[in-house]
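Please have a look at the model on the screen before I go on.

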Amino acid sequence: MAFVGVVYELSFAQMLSATLGNTALRYATTIGLFTLTLGVSSLLYDRWKIALSYLQISLVAVGVVGPWWIMATDPKNFPESFYFAAEILSYLPIIAAGLISGFELPYLMDNVPSNRKSFILAWDYFGMFIGTLIFPLVLLPMWGVANSLYFCAILNAIAFFYIFAKPEVKT
C-alpha cells in the first residue's frame with residue numbers, strides 16, 4: 001500500500017512540475033501536503049473507521065481521476081485572474097491521496113496482534129522505499145506518468161477485490 005501511495009505522490013509531483021513549472025517547489029509542496037494529510041487522516045482514524053476495501057477503491061478513483069484533474073486545472077486553461085485558484089485546485093489529488101492513504105496504516109495497526117505492529121511499519125517503510133526507486137527507474141521510463149498512475153490504480157483495484165471478495169471462513 002505504501003508503494004502505491006508514494007508512486008501517486010511522485011507522479012502527481014511530476015505532473016505539477018510539467019504543468020506549473022518550478023520542479024523543486026512542486027516536489028516540496030507535494031511531499032509536504034501528502035505528509036500533512038497522512039497525519040491528519042491518522043488523527044481522524046479513531047473517529048471515522050473506514051473499511052480497508054473503501055480506502056482501496058477510493059485510491060483507485062484518485063489514481064484514475066488525478067491526472068485528468070491536474071491537466072484540467074492547469075492555470076494556462078484559465079484567465080490570468082484565476083491562475084492562483086487553479087494552481088491551488090491542482091493540488092487536490094495529492095490531498096485526496098494523502099487523506100485516504102493516512103487511514104490505511106492505522107487500520108492495519110488495529111487489525112494485527114501487538115507483536116506484529118513493528119513488522120507492519122517496517123513493510124510500510126520498505127514499500128515506500130521500493131516505490132521511490134521503481135517510479136523513476138522503471139515505471140516512468142517504461143510507461144510515463146499517467147500510465148504509472150493507472151498501473152498503481154490497477155494494483156489498488158486488485159487489493160480491493162482481494163479484500164472485498166475474500167471468502168468468509170465458516171467456523
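This is a predicted model: local features need pLDDT of at least 70, side-chain atom pairs count only at pLDDT 80 or more; totals for chains, interfaces and linings use all residues.

Helix α1 passes helix α6 in a right-handed crossing, a term that applies if the near helix is turned clockwise from the far one by less than a right angle, with anticlockwise being left-handed. Residues are numbered from 1 along each chain as its sequence is written, and side-chain values use heavy atoms, with hydrogens and water left out.

The angle between α1 and α6, which covers residues 117-165, is about 55°, and their axes lie 6 Å apart, the axes being lines fitted to C-alpha atoms over the stretch in contact. That makes α1 oblique to α6, since angles under 35 degrees count as roughly parallel, over 145 as roughly antiparallel, 65 to 115 as roughly perpendicular and the rest as oblique. In the contact of α1 with α6 there are 19 nonpolar residues, seven polar and one charged.

As for α1 itself, residues 2-20 form this helix, and 17 of its 19 residues are buried, meaning under 20% relative accessible area with a 1.4 Å probe, protein chains only. Ser11 touches Phe135, Val145, Ser148 and Leu149, not counting residues up to four places away in sequence, where contact means heavy atoms within 4.5 Å.

Note on methods:
Helices (H or I, at least four residues) and strands (E, at least two) are DSSP runs, numbered from the N terminus. The expected span of a helix is 1.5 Å times one less than its number of residues. Buried means under 20% relative accessible area, exposed over 50%, partly exposed in between (1.4 Å probe, protein chains only). Axes are lines fitted to C-alpha atoms, for helices over the stretch in contact, and angles run from 0 to 180 degrees between N-to-C directions. Ala, Val, Leu, Ile, Met, Phe, Trp, Tyr, Cys and Pro count as nonpolar, Asp, Glu, Lys and Arg as charged, and the others, Gly among them, as polar.
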